[in-house]
Amino acid sequence: MQFTTAAALYEKAGGKRNGLPAWTYNNAELTELETEQVFLRNWIWVGHISDIPEAGDFQCIDLANERAIVIRGEAGEVRAFHNLCRHRGSRVVSQNKGHCDKAIVCPFHGWSYHFDGALKNIPRARSFPEIDKAKYGLKALDCEVWHGLIFVRFCGEGVSIAESFAEAEEEISLYNLTDMKTYDEPWRFDFDLDWKSVIDIDNEGYHVPVGHPQLFDLTGSSYKDQVLESGIARSYGSFENRQAKTPLIQNYISALPESNYLPESHRHLWIYWGLFPGIVITLFPDMIEVYQVYPTGYHKSVMAGACYALPDARAEMESARQYNREINMGVGEEDVQLVKWAAEGQRSSAFDQVLLSDLELGVCAFQNRLRELIPVVALDTAPETGSLKSANQKMIKIRNLTSAA
Ligand code: FES
Ligand SMILES: [Fe+2]
């Protein structure tokens, strides 16, 4: 793996360590542009194949104005479509997760679709002029299953999720994600703040010793953040021979049986792989946790995830998994509070700018990538209302001209 350094990342940021200006966290036009340019063009994690084991099982995700349904086909294939009826645009399923019997039946007037998206039946079809059924199937979305994890992409082209995560492939392969099953209920936090406030907190481990005392008790100062040349991030902490102080952490360490399916090097590690803009895959020796951060509107964002584990009948493993959930739910609640305080700060008249340390290189890497995609975020003040997109376009043009010269 080729790692980059804090020095290289800050150099790319023009030598500045002051992060993104406060206006970028409080601007509806920018949220719209970020949704369009960043989220709709990149892969979004939806779930795992064990969430939809049978033909007709489905799971949905809404992102801004877009809605996706991922559904298991008759032969076991996983496909994704816009969750949009071709009759009048209703959702074709009313729930976020569920099962369709024989067909997907729109809850509005009952148009039905096969699991491969083809239009199956129109109630009272003679009331319509003759239509070519082949033209009225559900609209397909890019869908990729990688190590059992399901991703969709709303629009745009580019590298596959497997290519994006290529440097994580070797390590993730150790965990046999494909054979894992859903563990525990999925979780979700809804925030009334900008999605970047959530990402910024999540992109650095500098806050772990103070912000997450129990997590710190598990890993101590072994916790490290790494950013790879390719832009993906890896963080890890080890609890090998760790003498923990808090009962919950002691319980987890002592309950955890040998995870024999892993090499010894990975039996006492917690590892976090992060992919721009908001996917995190966490590898524990007892299970995995995956989550995604994304905007759902102006000052509206979501952090949603789920855990998956290999079948393991050992009672100690079940105890360790329960302790793990307790630790991580605590970490989640602590992060929710930290995110809210950071976002409040970004709205305060006294907020000036931040000062990033070398330990916050993940924040810098993320913001560098955002500045590349949406250069307008580098401006100290917001463009005039109504002109953000054109100001951004202008900056891209100038950058292209300069780099061509
Ligand atoms: S909108 Fe779906 S059947 Fe009418
Ligand atoms: Fe955190």
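Tutor: In helix α2, the residues E29, L30, E32, L33 and E36 meet L388, K389 and N392 of helix α11, where contact means heavy atoms within 4.5 Å. Helices here are DSSP runs of H or I with at least four residues, strands are runs of E with at least two, and both are numbered from the N terminus. Sorted by class, this contact has three nonpolar, one polar and four charged residues. For those classes, Ala, Val, Leu, Ile, Met, Phe, Trp, Tyr, Cys and Pro count as nonpolar, Asp, Glu, Lys and Arg as charged, and the others, Gly among them, as polar. α2 covers residues 28-39 and α11 residues 388-404, and their axes come within 9 Å and cross at roughly 55 degrees. The axes are lines fitted to C-alpha atoms, for helices over the stretch in contact, with angles running from 0 to 180 degrees between N-to-C directions. The two helices α2 and α11 are therefore oblique to each other; under 35 degrees counts as roughly parallel, over 145 as roughly antiparallel, 65 to 115 as roughly perpendicular, and the rest as oblique.

Before going on, a word on the ground rules. This is a predicted model, where local features need pLDDT of at least 70 and side-chain atom pairs count only at pLDDT 80 or more, while totals for chains, interfaces and linings use all residues. Residues are numbered from 1 along each chain as its sequence is written, chains are lettered from A and ligands numbered from 1 in the order in which they are written, and side-chain values use heavy atoms, leaving out hydrogens and water.

Now for another helix pair. Helix α8 (residues 247-255) packs against helix α9 (residues 315-347) at about 150 degrees, with the axes 8 Å apart. That makes α8 and α9 roughly antiparallel to each other. Here L248, I249, N251, Y252 and A255 of α8 meet E316, S319, A320, Y323, N324, E326 and I327 of α9. The residues of this contact divide into seven nonpolar, three polar and two charged.

Stepping back, the domain assignment gives domain 1 (1-41 + 166-369) and domain 2 (42-155), with bounds that come from an automatic or database assignment. Their C-alpha centres lie 31 Å apart. The contact takes 27 residues from domain 1 and 22 residues from domain 2.

Next, the sheets. One open sheet has seven strands in the order β1-β10-β9-β4-β3-β2-β5, paired antiparallel; two strands pair if DSSP finds at least two bridges between them. Its edge strands, β1 (44-48) and β5 (97-99), each pair on one side only. From one strand to the next, the twist averages 25 degrees. Within this sheet, F81 has A140 in β9 as its bridge partner.

Another open sheet of seven strands runs β11-β17-β16-β15-β14-β13-β12, again with antiparallel pairing. β11 (181-191) and β12 (224-227) are its edges, and the twist averages 15 degrees from one strand to the next. Eight bridges join β11 to β17 (residues 300-309), and F189 has M303 in β17 as its bridge partner. Helix α5 (residues 195-202) lies across β11, β15, β16 and β17, at about 150 degrees to β16.

Finally, two backbone details. The peptide bond from F276 to P277 is cis, with omega near 0 degrees, and P277 sits in the loop between β14 and β15. R124 has a positive phi of about 50 degrees although it is not a glycine; its place is the loop between β8 and β9.
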